[in-house]
Amino acid sequence: MKRILFYSIEKIFICLVIVLLSSCSSVEHEDFSKRTKIALRDVGNQLLLSNQDSTSLILPVLELNSNAFQISFSNPLAFEPSTLVSIIQKSFKSAQLPEQYRVEVLQCNDLEVAYSYQITDNKERTIIPCSGRHLPNACYLIEIQFTNRLLSIENHQLISFTIIFLGLLGIGYLFFKKTKDKRLKSENGVSKKIGSFYFYPEQNKLVKEEKEIALSKKECELLALFVAHPNQIIKRDELTKRVWEDNGVFVGRSLDTYISKLRKKLKSDTSVKLTNVHGVGYKLEID
């Protein structure tokens, strides 16, 4: 039953992590897509205005994939490449879009690249060619590919898998620890706590901080009687009768000898004391 519960919790955890990360990713991309489309419409508007064109339409911005977008126009236009570079840079900066991207200007009739450039975080790798040459009046498609978003998505997926892995590792560790504790308890039998000690009568031993203290059969029988009646006086006669006479053997000073041995084995915990009540018997005092 508990094993089934463990696997159920594990599955719920995985589902929650996946849903949470997918939700965050979806919301993030939706916001990115909206900001990009707004910025690109601004780019199209500025290009038309640079042509003294205030009547041509900017066609709907197309999202080619999660990192690529395309703008086009209802009428042909001409522009100087440096103007395009400047307009895109300003619009993207205002919209707080990634600063690493590739721009391609395609001819509508054959989709050949009429002009392209790439902006990176490394100035030496940034490529802006032929900035002084005008593109003639024609139909163009302008495509923008964000190059650093691919790495961000891969990092996001890596983080997602790492979180899931660590979560499963944590659940597995807790399950293993619980199983190990149960196994040790099963191996050692039922224990009884005496101060900082654990008393295992079936195993004839005391355990303190994983250190085992062996008990003789008589020591174990005596301690079991005291543990059954903590902080109570047990008469000498009852102790000798229960431990010795019932077995048909009794030696005069045996009780005192075994009491002394028990005291030595319990002395590391000052909250546990075997006290002598003169003329009556002994008492196991536990604070």
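Analyst: Lys205 has a relative accessibility of 8% and therefore counts as buried, where buried means under 20% relative accessible area, exposed over 50%, and partly exposed in between, with a 1.4 Å probe and protein chains only. The model is predicted, so local features need pLDDT of at least 70 and side-chain atom pairs count only at pLDDT 80 or more, while totals for chains, interfaces and linings use all residues. Residues are numbered from 1 along each chain as its sequence is written, and side-chain values use heavy atoms, with hydrogens and water left out.

Lys205 belongs to strand E10, residues 205-208. Helices (H or I, at least four residues) and strands (E, at least two) are DSSP runs numbered from the N terminus. The Lys205 side chain makes a polar contact of 3.0 Å with the side chain of Glu212. A polar contact is a pair of N or O atoms within 3.5 Å; within protein, one atom must be able to donate a hydrogen and the other to accept it, and residues adjacent in sequence count only if both atoms are side-chain atoms.

Asn204 sits in the loop between E9 and E10. Its relative accessible area is 28%, so Asn204 is partly exposed. Asn204 is not a glycine, yet its phi is positive, near 55°. Most residues other than glycine have a negative phi. Elsewhere, Leu111, also not a glycine, has a positive phi of about 60°; Leu111 is in the loop between strand E4 (101-107) and strand E5 (113-119).

E10 is one of the elements against which the buried residues of H6 pack; the others are strand E9 (197-200), H4, helix H5 (236-243), strand E13 (272-277) and strand E14 (281-286). The buried residues of H6 are Ser254, Leu255, Asp256, Tyr258, Ile259, Leu262 and Leu266.

The packing with H4 can be described in detail. Helix H4 (residues 217-228) and helix H6 (residues 254-266) have axes 10 Å apart and pack at about 80°. Axes are lines fitted to C-alpha atoms, for helices over the stretch in contact, and angles run from 0 to 180 degrees between N-to-C directions. H4 and H6 are therefore roughly perpendicular: that class covers 65 to 115 degrees, with under 35 roughly parallel, over 145 roughly antiparallel and the rest oblique.

From H4, the residues that meet H6 are Lys218, Glu219, Leu222, Leu223 and Phe226; from H6, they are Leu255, Tyr258, Ile259, Lys261, Leu262, Lys265 and Leu266. Contact means heavy atoms within 4.5 Å. By class, the residues of this contact are eight nonpolar, four charged and no polar. Ala, Val, Leu, Ile, Met, Phe, Trp, Tyr, Cys and Pro count as nonpolar, Asp, Glu, Lys and Arg as charged, and the others, Gly among them, as polar. In H4, Glu219, Cys220, Leu222, Leu223, Leu225, Phe226 and Val227 are buried.

The helix lengths can be checked against expectation, which is 1.5 Å times one less than the number of residues. H6, with 13 residues, should span 18 Å, and its end C-alpha atoms are 19 Å apart, which agrees. H4, with twelve residues, reaches 17 Å from its first C-alpha to its last, close to the expected 16 Å.

As context, the chain contains six helices and 14 strands, and 33% of its 287 residues count as buried.
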